[in-house]
Amino acid sequence: MGQTLIEKIVTDYAVGLEEGEVAHAGDYISIQPKHVMTHDNTGAVIPKFRNIGASKVHDPKQPVFCLDHDVQNTSPDNLAKYSKIEEFAQSQGIDFYKAGTGIGHQLMVEKGYVTPGSFVVASDSHSNIYGAMAALGTPVVRTDAAAIWATGETWWQVPPIAKVNLDGRLRPGVSGKDVIIALCGTYRNDEVLNYVIEFSGEGVAGLSMDQRLTIANMTTEWGALAGVFPFDGVLRDFLYERADIFKAEGASRYTRADVDQWHENRLEADSDAVYAIELTMDLSKVTPHVAGPNEVKTITPLQVMEERRIKVNKAYLLSCVNGRYEDLQEAAEVLKDKRVAEGVELYVAAASAEVERRAKDSGAWGILQEAGAIFLPASCGPCIGLGAGTLEAGEVGISATNRNFQGRMGSREASVYLASPSVVAASSAAGYICDAVSMPAMPLAPIVRAAKAREKTPSVVQITEGFPERVEGRLLLLPKDNLNTDGIYGKDVTYRDDLTPEQMGQAAMLNYDPEFQNIAIAGDIIVGGLNFGSGSSREQAATALAHRGIRMVIAESFSQTYQRNAFNNGFIVIECPSLVQHLREAFAAEVGVGTRTIPAGLAIVSFSESSLVYDGRSFNFQPLGVVPQELIVTGGAEAMIAKRLRR
């Protein structure tokens, strides 16, 4: 059986494979990634690194630190945290980028850390963006980052692999953001949930690098763990340009000769490679759409949105998805000789200082300034709900960011819509959601050529010594699909490293349901819907539940990043779709009136039989294998790494 592009990259970065052995989807492997990027959360990784008994980073060239999330926060506490991160980087000889240099993902591409065929990870969910560079970029969690610092390695299960064919060419006025919004909304039934994607087809050649970076970035919101483009002429020209910049700056990242060698020896999928699913999008039929409110996968043709004349209060042109040069240029073309409407605030931030300089040189920055834009530092800022420009209760935002989860960009009583830079610019000038050019919508019929594997009936499982064979607890039904980590553990506490475990537990689920804390009791078992724990890679979304006394989470399916966070912190999660469906039907009345946390009675979970008993019925779930059991017994990945270092 042949290999996909993804499997070939994984094989190149796998550790411990036998001679001639190659990686395939489903395999648990050890990997040694080329780089691991951490941002403000470096401050939380450092104590993990020390707690496992490490004092010296295994390979100082492997980690990269970029301060980018809370850079507007000049409080003594935040400045002290930033200073400690910089001091640690200097003491270990690690590449460090101070606040204001740019967003970490943009810097990883700009500064030459991500190269074709490489495996690069980051403790941030938008590391998928590296796929635009024909690299495998995927998120890891903070515990993984500490393990990589200490040993150079971590564990990974190769996900199922999807092939996404992009046919045709984009029409004028249609952007990469329109493409990924269309993909998220057209294939919105978890077709690629926890998959890695290989983009192919004749349409790829017509996409610019900035468009590819946008599409790859938001494969995260689509539910995928990576979105990888091929190494073609467009990418080669981009790498040539970067190589020339490095040469002019006296940097030694890579040269044009390196690019030629990489292209000549580029990795490609075998002709007999096997994909779990194959999807198709005709780019010529993509038209501008708007996602939301407060849901990425709920999309509406822009023409329909214009007719609704939805008033906006704030507009955002920034973030790692749409803060690049083409995005700023696109917005400037719309706003030339125009002004931001009265009562609207337009916030603009470049993805990096280099992008900002280029926009200033081209005149785009000046046009935006004359239009009345409010400029912010090259950073994440309001995208993550930090600093100036966040939304107040009752306000409506139109944003070129990647997420519009409830409460993420400010008040949970605000509404956020996602759209392309041109739509954001046009809407900021008109005062309501609209586009600069009217374009009738065209049907985007999904084309699916394979089926995702379904739940299998498990057999008796060998239980690791110390792992519980059975657990009892009251079920708490949380009847929402795509319950994201912002809802589980909100932005107000995510970057606070001074909270006690008890305080973290008290913050759990408040953004999802303010009544959760009054309902939950120690020993409860949460039951969630599809894609539980989607969104950000913050590990506190798992640990906070454990600190609150939640025994485990059962869901119809999980974000793999959330699942990874849970096991890495010794917290049990299992998938049991049949139980979730039963509870949805049993409590349909409560779900129908909007109840968000529903006590549902006692259940008995048997891990040896991979089944649970509830309401007199038995429900099977996928068995927990050796790796997750060992992580639970040991107390998480930190304890396992500490044990390894002691040996």
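This is a predicted model: local features need pLDDT of at least 70, side-chain atom pairs count only at pLDDT 80 or more; totals for chains, interfaces and linings use all residues.
**Entry 1: Asn 128**

I looked up what Asn 128 touches, skipping its neighbours within four places in sequence. Contact here means heavy atoms within 4.5 Å. The list I got is Gly 137, Thr 138, Pro 139, Ala 216, Asn 217, Thr 219, Thr 220, Ala 224, Leu 225, Ala 226 and Gly 227. One of these, Thr 220, is 92 residues from Asn 128 in sequence, yet the two are 6.5 Å apart in space, C-alpha to C-alpha.

Residues are numbered from 1 along each chain as its sequence is written, and side-chain values use heavy atoms, with hydrogens and water left out.

Where does Asn 128 sit? I found Asn 128 in the loop between strand 6 (119-122) and strand 7 (136-139). Helices (H or I, at least four residues) and strands (E, at least two) are DSSP runs, numbered from the N terminus. Is Asn 128 buried or exposed? Its relative accessible area is 0%, so Asn 128 is buried. The cut-offs are under 20% relative accessible area for buried, over 50% for exposed, and partly exposed in between (1.4 Å probe, protein chains only).

I stayed in the loop between strand 6 and strand 7 and checked Ser 123. Ser 123 is buried too, with a relative accessible area of 2%. Not counting residues up to four places away in sequence, Ser 123 touches Met 37, Thr 38, His 39, Asn 41, Val 140, Val 141, Arg 142 and Ser 537.

Then I jumped to Ser 536, in the loop between strand 22 and helix 21. Ser 536 counts as buried, at 13% relative accessibility. I again left out residues up to four places away, and Ser 536 touches Ser 125, Arg 403, Thr 485 and Asp 486. How far apart are the C-alpha atoms of Ser 536 and Asp 124? They are separated by 6.8 Å, although the two are 412 residues apart along the chain.

**Entry 2: aromatic rings**

I searched the whole structure for aromatic pairs and got 19. Rings of Phe, Tyr and Trp (its six-membered ring) pair if their centres lie within 6.5 Å; planes under 30 degrees apart count as stacked, over 60 as edge-to-face and the rest as tilted.

Phe 49 and Phe 88 have ring centres 5.8 Å apart and planes at 80 degrees, so I wrote them down as edge-to-face. Why does this pair tie together separate parts? Phe 49 lies in helix 2 (residues 42-51) and Phe 88 in helix 3 (residues 76-92), so the parts it joins are 39 residues apart in sequence. Both Phe 49 and Phe 88 are buried. Ring pairs also link Phe 49 and Phe 88 with Phe 65 and Trp 149 into a cluster.

My next pair was Phe 532 and Phe 558, with centres 5.8 Å apart and planes at 75 degrees, so this one is edge-to-face. Phe 532 is in the loop between strand 22 (525-528) and helix 21 (540-547), and Phe 558 is in the loop between strand 23 (552-555) and helix 22 (560-568), 26 residues apart. Both Phe 532 and Phe 558 are buried.

The rule: NZ of Lys or CZ of Arg is within 6 Å of the ring centre and within 35 degrees of the ring normal. Arg 256 lies over the face of Tyr 240, at 4.5 Å from the ring centre. The charged end of Arg 309 sits over the ring of Tyr 432, 4.0 Å from its centre.

I found a cis peptide bond joining Gly 292 and Pro 293, with omega about 5 degrees. Pro 293 is in the loop between strand 13 (289-291) and strand 14 (299-301).

Ser 319 lies in helix 12 (residues 319-322), and Ser 319 counts as buried at 1% relative accessibility.

Asn 531 has a positive phi as well, near 55 degrees, and is a residue other than glycine. I located Asn 531 in the loop between strand 22 and helix 21. Asn 531 is buried, with a relative accessible area of 4%.
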